[in-house]
Amino acid sequence: MPLIGQLVLVPFGHRQVFGIVVGIQAGSDVAENKLKDVIAIRRQLPPLSKEWLALCRFAADYYQRPLGEVALPGLPKNLRAESSVSLDRAIKKQAALSAAHDGRPVDMPVLRPAQQAAAEAIAAARGFAPMLLYGVTGSGKTEVYLQAAADILARADAGAPAQILILVPEINLTPQLEGNVRARFPGVAVVSLHSGLAEGERTLHWLSAHLGHARIVLGTRLAVLASLPHLKLIVIDEEHDPSYKQQEGLRYSARDLAVWRAHQLGIPIVLGSATPSLESWQHAQTGRYRKLELRERAVQDAVLPAVRLIDMERDKPVDGLTSTLVAALRQRLVRGEQSLLFLNRRGYAPVISCDACGWVSNCTRCTSFMVLHKPEHRLRCHHCSLELRIPRHCPTCGNADLQPLGRGTQRVEEGLQLLFPEARILRIDADSTRRKGSAQAAFDSVHRGEVDILIGTQMVAKGHDFKNLTLVGVLNPDTALFSQDYRAGERLFAQLMQVAGRAGRAARKEGGSASEVLIQSRYIHHPLYAAVIAHDYDGFAGAMLEEREQAALPPYLYQALLRAEAMELAVALAFLQDAAACLAHEGIVINDPIPMTMTRVANVDRAQLLVESASRPALQAFLKEWLALLRQTRTRVKWSLEVDPVDI
C-alpha cells in the first residue's frame with residue numbers, strides 16, 4: 001500500500017507515468033474492473049510531507065490551477081523518469097556530496113549596531129514572524145542574513161535539525177551569494193535550485209534538500225516549492241523584484257507563497273530590499289510586518305553616491321552621451337576607477353527606418369519592431385524570436401540608406417570604443433551572456449578589475465558588489481515616466497535606486513573620486529527624480545500609496561486577469577465578452593474586454609478582461625464559480641487566468 005506523499009508509477013492510457021499520492025480512500029465509485037493497480041512505488045524516497053502537499057494545495061486553490069500543475073513541476077524531471085537503480089545511485093551520490101554538517105561560521109565580521117540589532121531580532125523570532133528588512137543599497141543586508149542563519153544553525157546543532165531557504169530574483173545573482181555562504185559556512189551542506197542547473201545536478205540538489213542533508217538552500221522562485229522537511233527560516237532578497245512572479249503556466253508569486261509557507265510552518269520570514277514593494281511597505285506601515293531598518297552603508301566611510309540630473313535639453317547628447325557624462329567617464333579612466341552605464345534596452349537600435357518613405361522594421365508576426373543586432377547582422381523580434389537578415393535596401397521604395405533609430409547597449413558600446421579606444425569596455429546583457437557560465441565569467445572579470453567601463457541592462461543593476469566602481473550613468477530612463485502601467489513609476493524608482501547603489505560601496509580612496517550617479521533626462525523636474533536625488537524611498541512610497549488608495553488600485557484592491565488568445569482579435573474579444581456576461585456577483589467589478597498592449601505575438605491576437613474587488617475572499621469565491629462555468633464552454637480560444645497580475 002503506498003503512502004500519502006510517495007511517488008508512484010501508474011498506467012495512464014497507453015503510457016506509464018509518475019504521479020504523487022495525495023490521498024487514500026477505502027472505496028471508490030468506479031467499477032472494480034475498471035480500477036488499475038499501481039505499477040511501482042518509489043520506496044527509496046521518504047514521502048513528501050503533508051506540509052509540502054498543503055503548500056501545493058494552497059497554491060492550486062489560490063491561483064485557480066489543478067493540483068498536479070503545481071506539485072509535479074516542483075519535482076525534478078529525472079525524479080519522475082529515472083529507473084530505480086538510477087535513483088538509488090543518485091541518492092548515494094548526493095549523500096556523499098552533502099556529508100558536511102558543521103554549522104559553525106568562520107570569519108564573522110563585526111556588524112554595525114543596526115545590522116546587529118536586525119540579525120538578533122531575526123534569530124530571536126519565534127513562530128510566524130514576517131519582517132521587512134529595509135536597508136539602503138550597500139547596508140549589509142546579506143551579512144544580516146548570514147548572521148541570523150548562523151544563530152539558527154547553532155541552535156539546531158544543539159537540538160532539532162534546521163534548514164534555511166534564501167531566495168534571489170535572478171539566476172545570475174546565485175553564484176556570488178553561494179560563494180559568500182560557502183565561505184562563511186565551510187562545514188555546512190549548501191545547494192542551489194534554479195532552472196539554470198542541468199537536470200542531473202538539479203536532481204542531486206533537490207534530493208539533498210528533501211532528505212534534510214542540505215542545511216542552506218539557495219535559489220530563484222522555483223525553490224519556494226522545494227521539499228524542505230526541517231525548514232526554520234526563509235529569506236527573500238530583493239523582495240520587490242517582479243521576477244518573483246512566474247509569467248507562464250502557473251502564474252504564482254514566489255514571495256507570496258513564501259510568506260504563506262512561513263505562516264503554515266510557524267517560522268520567521270525576512271523580506272529584504274532597499275526599495276520594498278508597495279504591498280510589503282504597506283504591511284510594515286500597518287504593523288502586519290515588523291520593519292527592521294539599515295539606514296547607513298555597512299563599510300566604514302562608504303556613503304551613498306550623490307545623484308545628479310543632466311538636462312538633455314541643455315547638454316545635447318552626441319551618440320547618446322552628454323558632454324557631462326563623457327567628462328565624468330574620462331576622469332574615472334584617468335584615476336583607474338570603474339564606471340557603469342545602465343541602459344535597459346539590449347540590441348544595437350530598437351528599429352531601423354527609411355527616411356525616404358517612412359518604412360520601419362516592424363515584426364511581421366507581432367505588433368512590435370524588429371530590433372537591430374548589428375554584430376550578428378540580424379533583425380530580431382524580442383517577443384516571438386523571429387530573425388531576419390538586415391535588408392540591403394528599403395523593402396517598400398528601394399532606398400539603400402536605412403538608418404537605425406534609438407540606441408541599445410550594442411550601439412552605446414560601439415560609441416564608447418570610438419570615444420575611449422584605450423579603455424577596457426565590457427557589455428553585459430541577455431545577448432552577451434547566452435552561453436552557460438558566461439554571465440558569471442563576465443562579472444568575475446569586473447570584480448578582478450579587468451574592466452574600466454561596464455555597459456549593461458537590469459542584469460547589472462542589483463546585487464553585485466563592485467568595489468572600485470565610483471560612477472553610474474543612466475541613459476534614457478524617461479520612457480517609463482509615460483507608461484500606461486500604473487506600476488511603471490514604482491519600478492523605475494526601484495531600478496534607479498538599485499543601479500545607483502552599485503557606486504561607492506567601498507570607502508573612498510585617498511585622491512579618488514567621490515561616488516556619483518548621473519541621470520540623463522529631458523524631464524529633470526519630475527518628482528520621481530527629486531525622490532531619487534534625495535534617496536527618499538519613504539517619501540516616494542508614501543506618495544505612491546496615497547495615489548493608489550485614491551485610485552482604488554493594489555494594494556487597496558484585488559485583481560484577476562482573464563487573457564484570451566485567438567487567430568483573430570474579434571474572436572478573442574467575443575469570448576471575453578461572453579465570459580463577462582455569464583456570471584454576476586455582488587462586490588465584483590468586471591471591466592470591458594480590451595486588446596492587450598502587445599496585441600499580436602507570433603501571429604496570435606491577444607485580449608484581456610480585468611476583474612476587481614475590494615475583498616480578496618469575495619474575489620476568490622467568484623473566480624471558483626466563474627472558472628467552473630468557463631471550463632464548460634466549448635471554444636477554440638486559448639484562455640488563462642492570472643490572480644494578482646503584475647503586468648496589465
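Which residues line the largest cavity? I looked that up before anything else.

I'm working on a predicted model, where local features need pLDDT of at least 70, side-chain atom pairs count only at pLDDT 80 or more, and totals for chains, interfaces and linings use all residues. Numbering runs from 1 along each chain as its sequence is written, and side-chain values use heavy atoms, without hydrogens and water.

**Cavities.** I found Tyr134, Val136, Thr137, Ala274, Leu304, Met497, His535 and Tyr537 around the largest cavity. A cavity here is a set of points on a 1 Å grid over the protein atoms alone where a 1.4 Å probe fits but cannot get out, and lining residues have an atom within 4 Å of a point. The space inside comes to about 80 Å³, taken as what is filled by probe spheres set on the points. My count is 4 cavities of 30 Å³ or more.

**Surface patch.** I noted Met1, Ile4 and Ile24 as a nonpolar surface patch with about 340 Å² of accessible area together. Patch members need over 30% relative accessible area and no salt bridge, with nonpolar side chains joined within 5 Å. Ile4 sits in the segment before β1 (7-12). I logged Ile4 as partly exposed because its relative accessibility is 43%, between the buried limit (under 20%) and the exposed one (over 50%), with a 1.4 Å probe and protein chains only.

**Ala551.** I placed Ala551 in helix α16 (residues 537-551). Ala551 is partly exposed too, at 46% relative accessible area.

Conventions. On a 1 Å grid over the protein atoms alone, a cavity is a set of points where a 1.4 Å probe fits but cannot get out, and a pocket is an open set with protein on both sides within 12 Å along at least five of seven lines; lining residues have an atom within 4 Å of a point. Patches are made of residues with over 30% relative accessible area and no salt bridge: like charges are joined within 9 Å, nonpolar side chains (Val, Leu, Ile, Met, Phe, Trp, Tyr) within 5 Å. Accessible areas come from the Shrake-Rupley method with a 1.4 Å probe; for residues, only the protein chains shown count as cover. A salt bridge is a side-chain nitrogen of Lys or Arg within 4 Å of a carboxyl oxygen of Asp or Glu. Helices (H or I, at least four residues) and strands (E, at least two) are DSSP runs, numbered from the N terminus.
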